[in-house]
Amino acid sequence: MKPGKIEILKLGAIAMLLGGVFATLIGFFWTPNVPVTKIKDLEKQRDKKSTVYIRGRVIKQVPFLGTRAYEVEDSTGTVYVITKDKFPAQNQEITIEGKVQYKSIPLAGQELGEIYIKEQQRL
């Protein structure tokens, strides 16, 4: 290989490396400016089917038939998020926009239902 081509390849590799580092830093420090709802406060909105923003860390991935779910944790609790997209990475900090949903599960005179979020988009 000619010396000129090697220098071009080296510069290209360095440019790609610096671009990757820069993109990672932007993603690490950038957080969307949206009104975030704490997970413990979702209970108040369970019958309204409100659109909320939640921010937290992905702690579990749950594959379902035809869809996916993952569990998000913030400092106040955990909630499952139903998505049609790919799973976010485990331990990834994430902000999502989603609709509050509630699934009633009556059993032996008790209500064992659970709140979950139907993901609309990741921010």
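Which residue in E4 is the bridge partner of Arg57? In the predicted model examined here, that partner is Glu93.

The model is a prediction in which local features require pLDDT of at least 70 and side-chain atom pairs count only at pLDDT 80 or more, whereas totals for chains, interfaces and linings use all residues. Residues are numbered from 1 along each chain as its sequence is written, and side-chain values use heavy atoms, with hydrogens and water left out. The protein has a mean pLDDT (the predictor's confidence in each residue, from 0 to 100) of 87, and 92% of its residues reach 70 or more. Helices (H or I, at least four residues) and strands (E, at least two) are DSSP runs numbered from the N terminus. Confidence is lowest in helix H1 (residues 3-29), with a mean of 77, and highest in strand E3 (residues 77-83), at 95.

Strands are taken to pair if DSSP finds at least two bridges between them. Strand E1 (residues 51-64) is joined to strand E4 (residues 93-103) by seven bridges in the antiparallel sense. Seven bridges, again antiparallel, also link E1 to strand E2 (residues 67-74), where Gln61 stands opposite Tyr70 in E2. E1 and E2 form a hairpin with two residues between them, and Gly66 in the turn adopts a positive phi of about 80°.

Five strands, in the order E1-E2-E3-E7-E4, make up a closed barrel with mixed pairing.
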